[in-house]
Amino acid sequence: MHLIDGRLVPGRDHFDVVNPATGEAFASCPDATREDVAAAMEAATRVFANDWSRDAERRRTVLRRMADAVEAHADEIGRLVCLEQGKPLGMAVGEAHGAAQIFRLYAGETVPIEVLRDDESARVTLERRPLGVTAAITPWNYPIATLAMKIGPAFLVGNTVVAKPSPFTPLSSLALAAAVREAVPPGALNVLGGGDEVGAWLTAHPVTRKIAFTGSVSTGKHIMRAAADDLKRMTLELGGNDPAIVLPDADPKAIAPMLFWNAFFNSGQICMAVKRVYAPEALYRPLCDELAVLARAARVGDPLDAATELGPVSTRPQLRHVTELVDDARARGGRMLAGGARLDRPGFFLAPTIVADVDASARLVAEEQFGPALPVVAYRDLDDAVEQANATHYGLSASVWTSDVARGAEVARRLECGTAWVNKHMDLGHYAPFGGFKWSGIGRENGRWGIDEYCELQVVNVPK
């Protein structure tokens, strides 16, 4: 059921939710109407205008209580993540616990007041004011974690939230909403099931002052157009085609497991995961061989099975997309060192795939695959590898792999991306801003920079 104004509201219409491990519908989700959206917006506006936006300590208490509620229901929420998204059950339950931790982290954050001037003439401060109603639209790969990453800072600074999860993974978000319902003042948080049309209603609604979106570049562009007439504030966390550059002094055997799991964790369905590897010619074959061994050894199967390491691709359209990219690479002469085809079983399973002997002409290199397929590209000249890594509309993250970390840092600083790592990948901290260059997004999440995305900055100038 939807959460609207503190009440669990059944839908008039419903749509099927498919288990990607079977390819069959296993549940249904309510589909929000315009009336549901209007009711949620009205409730969020009312609460914002009351004491909610002015009582910081109350909001911190709410976030702590939300964390407790999510932890108490983590097994239930995590199982729904597993069933509708396809990640292994342990990872899915871990995501639910992670969402609780995000709420706790924001409950402990402060919203600073900065003194810009303080002398005999005036005291000038820089203060943060909430924006109002936030429309939070979340993706299917990490449905609970991304929802928490939007609610946390929005609540901390005094905004209210109307959220819509992906129609592929709505049930876990609705379960989270039901779990925290008693902890949140009615109307401060509203969560609606529905498809793209519901998201469009939220972003275009005149009440919405902030849009927080994680998803595809194409949808992000639509949101920017919808927000333009009303000059709504927005944070867009979009795609990535994240390169990993291996330097000639690296040890292929040592780095291959880290590269592999940073590419294939959650079946490759992570915006900042390694999407393409550039290796020098002298290390190319050994590295390809090591990656292929790991791909063939990875345990792919039912995400409810404790032995499973990689589950299915999460959606039928995404499986079709990844398969098309692999087939295109094969047609262009790419060698399938591992995988390269769907598994002979029900569900959306693609064998972990390592593709060699490809270049930028292959779609698997040029586009974001967001699935369990990794191209490895050979290079002769490091400058050329850096140029290839940067030759993309994306700029989310990248990594450099070397035995000389100082040299690695030099190369990392040449990469056009929001986060560049040396000898690691996907190592994020709550303290560091996360976001991308170019088409990978607008704005940042995490840290004080992420908090500021949910605020207006106000200068208060008071004479002495």
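Analyst: The discussion below takes up a pair of helices and then several salt bridges. Please bear in mind that this is a predicted model.

User: How do the axes of helix H2 and helix H5 cross?

Analyst: Angles over 145 degrees count as roughly antiparallel. Here the axes of H2 (residues 56-72) and H5 (residues 143-157) come within 8 Å and cross at roughly 155°, which means that H2 is roughly antiparallel to H5. The crossing is right-handed.

User: Which residues of H2 and H5 meet?

Analyst: From H2, Arg59, Arg60, Val62, Leu63 and Met66 take part, and they meet Ile151, Gly152, Phe155, Leu156 and Val157 of H5. By class, this contact comprises seven nonpolar, one polar and two charged residues.

User: How many salt bridges does a search of the whole structure find?

Analyst: Side chains of opposite charge can pair when their charged atoms come close. In this structure the search finds 34 salt bridges. One of them joins Arg128 and Asp452, at 2.8 Å from N to O. Arg128 belongs to strand E6 and Asp452 to helix H15, so the pair ties together parts that are 324 residues apart in sequence.

User: Is Arg128 buried or exposed?

Analyst: Arg128 is buried, its relative accessible area being 11%, whereas Asp452 is partly exposed at 24%.

User: Where does Glu445 lie, and where does its partner Lys150 lie?

Analyst: Glu445 and Lys150 form a salt bridge with their closest N and O atoms 3.0 Å apart. Glu445 lies in the loop between strand E19 and H15, and Lys150 in H5, so this pair links parts 295 residues apart in sequence. Both Glu445 and Lys150 are buried.

Methods: Residues numbered from 1 in each chain as written. Predicted model: local features only at pLDDT ≥ 70, side-chain atom pairs only at ≥ 80, totals over all residues. Heavy atoms only, no water. Axes fitted to C-alpha atoms, helices over the stretch in contact; angles between N-to-C directions. Helix = DSSP H or I, 4+ residues; strand = E, 2+ residues; numbered from the N terminus. Parallel < 35°, antiparallel > 145°, perpendicular 65-115°, else oblique. Left-handed = near helix turned anticlockwise from the far one by under 90°. Contact = heavy atoms within 4.5 Å. Nonpolar A, V, L, I, M, F, W, Y, C, P; charged D, E, K, R; others polar. Salt bridge = Lys/Arg side-chain N within 4 Å of Asp/Glu carboxyl O. Buried < 20%, exposed > 50% of the residue type's maximum accessible area, 1.4 Å probe, protein only.
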